[in-house]
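Student: I would like to learn how to read the features of a protein model. Can we go through some together?

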Amino acid sequence: MEIASLVQLLEKYNQAYRNGQPLVSDAEYDRLVEKLRDAVPEHPFLSTVEPEALPGRQEVRHPMPMLSTEKAYTPEQLKRYVGRVCKAAQDLGLDDILFRVSPKLDGLAGRDDGEVFASRGNGIVGYEISSAFEKGVIPIGGRGLGLGEIVVVQSYFTSHLADTFEHPRNMVVGIVSSDTLNPDAEKALNDGMVRFVPYSQMTFWQGGAEELLERIDEFIDTVMATYDYPLDGVVVEVVDERLKDAMGATTHHYRWQIAVKRKGETARTTVEGIQWQVGRTGNITPVLEVAPVVLSGATIRRVTAHHAGMVGRRNIGPGARIEIIRSGEVIPKLERVLAVSSQAEVPDSCPVCGRALTWKGDFLRCTNVGCPAKIEQRISHWFKILGSADWYGIKTIQKLVAAGFDSLEKIYAMREEDFLVLGFGPVQSKNLAEALAVSRTKEVEDWRFLAAFGISDLGVGDSRRLLQHVALYDLMGIEPETIARISGFGEITSRSISQGIAEQAETMNHMLELGFNLEKTPLVSHMESVESPISGKKVVFTGKMAAGSREAMQARARQLGAIVQTAVSSTTDLLVCGQRVGASKRDKAKRLEVKVLTEAQYQSLIGDNP
């Protein structure tokens with residue numbers, strides 16, 4: 001590739017990323033940057049901070065440049081960075097070198113001094129974006145805490161926004177740069193899911209060079225498991241201010257700092273076809289059928305492409321050569337298109353029901369409420385979330401729906417002989433009938449029962465929160481205003497949930513009349529009256545428990561008024577350790593001054609007899 005063309009391509013990719021619409025992965029962009037560096041080490045592009053433009057905003061000069069960050073994808077690259085630091089420390093006569101490892105957020109960088117909130121801009125001059133707080137962006141820890149990034153909560157984005165935005169950064173940039181908010185972005189703001197997270201509010205590890213090199217993978221794993229924000233690896237930096245000053249900076253990055261990322265294993269293959277799948281909400285997702293290729297020890301035959309817009313823009317179809325990546329995920333992702341197809345097409349009708357499709361952004365949607373695929377996915381969602389009925393895989397559900405058993409009411413009225421008539425074998429028919437009976441008699445949490453209906457904007461977590469304030473049997477006909485008064489529910493979400501409950505009220509009442517064995521969620525009024533040693537405490541359970549399952553212990557803790565967390569953080573009060581707990585969790589708890597209890601100590605504390 002000619003240098004001029006390479007630079008032009010990099011500028012195009014960078015501009016798209018800054019606008020919140022990335023065309024390639026970070027790994028691919030960095031690969032091209034390194035290609036340019038190898039060819040022309042002194043090229044001006046390599047010494048320029050990639051600019052972020054926000055037209056119409058007041059310019060603000062940063063007191064200290066907000067530069068880019070050098071990147072390391074391999075242990076060798078990190079080792080070379082550590083070597084440079086050690087040499088600089090030796091020149092200063094410093095013996096003990098401390099490194100700090102902290103999460104690297106993947107959002108929109110900003111600096112908040114309490115009065116001015118500025119974007120990075122070109123690193124020297126940024127743009128005043130305090131209007132983001134007025135729109136509803138929440139400053140974690142309050143105002144004036146320095147450098148950080150505007151991000152959206154990752155689990156919320158996955159559940160509510162992935163059908164609308166290709167990348168979380170896309171939505172964040174839109175919130176900051178636009179005077180007119182996208183309805184989905186406004187909903188996320190109202191729900192408190194868009195936040196400015198200062199790096200000073202995030203946990204970090206601190207230690208020497210040898211331990212850093214040995215444990216870097218562990219640090220990355222811990223960070224990924226701890227934070228529910230879009231993350232892009234970790235940042236390693238020098239602690240000593242004298243050493244920072246001595247190492248200085250290039251016009252592009254500080255020499256005392258480096259971002260450590262995982263590139264992931266990649267492979268190249270050829271697209272043989274595209275299968276268009278219809279989801280529970282009607283979104284049509286393209287799945288690439290590829291020539292078999294081994295990646296991370298698995299033979300890959302199918303690769304997820306994000307949406308129909310990507311297929312059209314990148315000319316993906318039979319014959320296209322692609323590179324795929326698997327970086328810790330189970331499902332491989334499309335990394336880049338090496339050679340386009342001359343047969344790239346997107347459907348104009350639903351591949352299942354044949355109805356015309358509509359566009360919502362880059363996504364194609366089937367709006368037919370009677371589409372068999374949507375019905376199948378809704379029923380499948382019920383059995384997956386409920387978790388108390390085996391044997392109901394997607395193939396079984398498809399067979400039932402095709403035979404006219406297209407609702408929960410009809411399926412739960414089936415008997416063993418009904419399954420036999422449909423062609424299921426004697427053993428399978430017996431298992432299917434018994435599974436329905438078991439799902440009604442086996443105890444299941446009422447919040448799980450509620451979440452299984454697949455009501456829009458009402459996942460597992462929000463179902464539990466809702467039932468802490470309103471009993472399940474009182475939900476029918478609930479007004480949006482009642483939901484909105486509960487902390488964590490925004491106005492738009494509340495309207496959506498109220499409407500969804502109304503639409504499914506008949507089915508919900510029918511299922512309740514079947515007599516499911518539901519464990520009731522204690523109402524907050526009751527929980528607040530509970531006086532226990534852990535009432536109001538934030539508790540994490542880890543390891544194998546001797547007294548029962550971890551889920552049972554979590555449920556008991558909630559009954560005693562505790563707030564159960566899944567990972568240790570700076571807000572955690574207690575870490576309860578069962579058997580076979582790794583040292584890293586204990587060390588993290590110790591570093592954050594979290595009280596650590598054995599299972600026996602915990603049982604003694606709450607007064608339970610194990």
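Tutor: Start with burial. Buried means under 20% relative accessible area, exposed means over 50%, and partly exposed is in between (1.4 Å probe, protein chains only). Helices (H or I, at least four residues) and strands (E, at least two) are DSSP runs, numbered from the N terminus. This is a predicted model: local features need pLDDT of at least 70, side-chain atom pairs count only at pLDDT 80 or more, and totals for chains, interfaces and linings use all residues. Residues are numbered from 1 along each chain as its sequence is written, and side-chain values use heavy atoms, with hydrogens and water left out.

Student: Which residues are buried in helix α12?

Tutor: Helix α12 spans residues 394-402, and its buried residues are Thr396, Ile397, Leu400 and Val401. Take the directions from the helix axis to the C-beta atoms; they define the arc. Down the axis of α12, the buried residues fall within an arc of 130 degrees, so they line one face of the helix. The face turned away from that buried side carries exposed Lys395 and Ala402.

Student: What covers the buried residues of α12?

Tutor: Contact means heavy atoms within 4.5 Å. The cover of α12 includes α11, α13 (408-412), α14 (416-421) and α15 (426-441). Just after α12, Gly404 takes a positive phi of about 100 degrees.

Student: Where is the kink in helix α8 centred?

Tutor: The bend at a residue is the angle between two fitted axes: one for the seven residues ending there, one for the seven starting there. In α8 (residues 209-226) the kink is about 65 degrees, centred on Arg215. Arg215 is also among the buried residues of α8, which include Leu212, Ile216 and Phe219. Their cover includes α3 (75-92), β3 (99-105), β10 (205-207), β11 (231-238), β12 (253-260) and α22 (583-591).

Student: How many aromatic pairs does the structure hold?

Tutor: Rings of Phe, Tyr and Trp (its six-membered ring) pair if their centres lie within 6.5 Å; planes under 30 degrees apart count as stacked, over 60 as edge-to-face and the rest as tilted. The structure holds 17 such pairs. One of them is stacked: Phe117 and Phe133, at 4.6 Å centre to centre with 20 degrees between the planes. This pair links distant parts of the chain, 16 residues apart: Phe117 is in strand β5 (residues 117-119) and Phe133 in helix α4 (residues 131-135). Both Phe117 and Phe133 are buried.

Student: Why is the pair of Trp382 and Phe449 edge-to-face?

Tutor: The ring centres of Trp382 and Phe449 are 5.6 Å apart and their planes are at 75 degrees, so the pair is edge-to-face. Trp382 in α11 (residues 372-386) and Phe449 in α16 (residues 446-451) are 67 residues apart. Trp382 counts as buried, at 0% relative accessibility.

Student: What lies over the face of Trp256?

Tutor: A charge sits over a ring if NZ of Lys or CZ of Arg is within 6 Å of the ring centre and within 35 degrees of the ring normal. Lys244 lies over the face of Trp256, at 4.5 Å from the ring centre. Arg464 lies over Trp447, at 4.2 Å.

Student: Which residues touch the most other members of the largest nonpolar core?

Tutor: A nonpolar core is a set of buried Ala, Val, Leu, Ile, Met, Phe, Trp, Tyr and Cys residues joined through side-chain atoms within 4.5 Å. Of the 62 residues in the largest, Phe99 and Ile150 touch the most other members. A second, separate core of 46 residues includes Leu436, Phe453, Leu475 and Met508.
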